[in-house]
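Colleague: I am new to this structure and would be grateful for a close look at a single part of it. Please begin with any term that I shall need, and then connect that part to its surroundings.

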Amino acid sequence: MKVLVVGSGGREHALAWKLSQSKRVEKVYCAPGNAGTALVAENVDIKADDAEMLNDGLARFARGNRVDLTVVGPEAPLVAGIVERFERDGLSVFGPSRRAAELEGSKAFTKHLMRRHGIPSADYQVFEDFEKARAYIEDRGAPIVVKADGLAAGKGVMVSSTVEEAVEGAKRILVEREFGEAGATLIVEECLRGEEASILALTDGETIAPFEPVQDHKPVFDGDKGPNTGGMGAYSPAPVVTGEVMDRVVKEILVPTVHAMKKEDRPFKGVLYA
Ligand SMILES: Nc1ncnc2c1ncn2[C@@H]1O[C@H](COP(=O)(O)OP(=O)(O)O)[C@@H](O)[C@H]1O
Ligand SMILES: [Mg+2]
């Protein structure tokens, strides 16, 4: 079959590379792709970073070239509704619907969902008003974390070791709108300690198949220093995630999240990140 991978990052290179190894796959396209995907797929010059117009272009390409399956990598087109757009044309597409992609598209949505369903996560408050956020940050003290609600290419989270730094971060997000509308809402979160790991799982909205755990390093400078960025490298498996930890993540986070999304009429199919 013919597969179209949407996106232009390292993730899409990995997806295209693996898909191209399947005996069932005769052709892989990647839109827009990158120098890496060019080695394993045919790059197609259609960008995926804008909402409706581009989704139309992609759907037209998929129809015109008889693509059997489209795999969407980045959050932005998912949040913009690319899955609905493709399904409207009867095209098979892998990824969450717009409503389900809120899990990636809005941290406030996700925090509220987790709180409603008793899924463990750092304590938090949500703000639209800077002075209220400042008062809360001063009251809670440092270390503390401030986050832009929406998509910010991995740069909208500031883990702050002082109150001043957190207040400055809140100002950049809410007042200066450094991340545009993604920063119209601010999340202030309790700072968690310890080692971090990522667990990704495939789900069709009913069944969950977790992958090996991963550790990924967000700070931009050597030695895990500096502000967070969109990911400076990752490795897997991550031995810090023991079998016991993995069982808890599946039982206490992944399964309840898939159930919660289904119950709230936003069934999630695609890759879930915890
Ligand atoms: N409450 C927290 N305590 C400590 N570190 C955090 C906290 N929230 C986020 N971080 C750090 O910031 C990174 C990015 O935050 P996250 O909420 O996952 O946003 P995104 O992945 O959308 O950029 C995390 O991977 C983690 O390293
Ligand atoms: Mg994250």
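Modeller: The axes used here are lines fitted to C-alpha atoms, for helices over the stretch in contact, and the angle between two N-to-C directions runs from 0 to 180 degrees. The model is a predicted one.

I take as the part in question the open sheet of three strands, ordered S11-S10-S16, in which the pairing is antiparallel. Its edge strands are S11 (208-210) and S16 (270-273), each of which pairs on one side only. From one strand to the next, the twist averages 30°. Strand S10, residues 200-203, is joined to S16 by four bridges, and these two strands run antiparallel. One such pair can be named: Thr 203 has Gly 270 of S16 as its bridge partner. Across S10, S11 and S16 lies helix H10, residues 243-263, whose direction is at about 145° to S11.

A hairpin may be considered next. It is formed by S13 and S14, with three residues between the two strands, and Gly 223 in the turn has a positive phi of about 70°. Strand S14 covers residues 225-228 and runs antiparallel to S13, to which two bridges join it. Within this pairing, Pro 219 has Asn 228 of S14 as its bridge partner. Strand S13 itself spans residues 219-221 and includes Val 220. Is Val 220 buried, partly exposed or exposed? Its relative accessible area is 31%, and buried would require under 20% while exposed would require over 50%, so Val 220 counts as partly exposed. Together with Phe 221 and Met 232, Val 220 makes a nonpolar surface patch of about 290 Å².

For comparison, there is also an open sheet of five strands, in the order S3-S2-S1-S4-S5, with parallel pairing. At its edges stand S3 (42-43) and S5 (93-94); each has a single partner strand, so one side of each is left without a neighbour in the sheet. Strands S1 (residues 2-7) and S4 pair in the parallel sense over four bridges, and Leu 4 is placed opposite Thr 70 of S4. Helix H1, residues 10-20, lies across S1, S2 (27-32) and S4, and runs at about 170° to S1.

Thr 70 counts as buried because its relative accessibility is 1%. Apart from its neighbours within four places in sequence, Thr 70 is in contact with Leu 4, Val 6, Ala 62, Phe 86, Ser 92, Val 93 and Phe 94. Asp 68, by contrast, is in the loop between helix H3 (52-64) and S4, and is partly exposed, with a relative accessible area of 39%. With its neighbours within four places set aside, the contacts of Asp 68 are Met 1, Lys 2 and Ser 92. Between the C-alpha atoms of Asp 68 and Val 93 there are 8.5 Å, although 25 residues separate the two along the chain.

Thr 70 and Arg 248 are 178 residues apart in sequence, and their C-alpha atoms are 32 Å apart in space.

Definitions and conventions
Residues numbered from 1 in each chain as written. Chains lettered and ligands numbered in written order. Predicted model: local features only at pLDDT ≥ 70, side-chain atom pairs only at ≥ 80, totals over all residues. Heavy atoms only, no water. Patch = residues over 30% accessible without salt bridge, like charges linked within 9 Å, V, L, I, M, F, W, Y side chains within 5 Å. Areas by Shrake-Rupley, 256 points an atom, 1.4 Å probe, with all protein chains shown as cover. Salt bridge = Lys/Arg side-chain N within 4 Å of Asp/Glu carboxyl O. Buried < 20%, exposed > 50% of the residue type's maximum accessible area, 1.4 Å probe, protein only. Pairing = 2+ DSSP bridges. Contact = heavy atoms within 4.5 Å.
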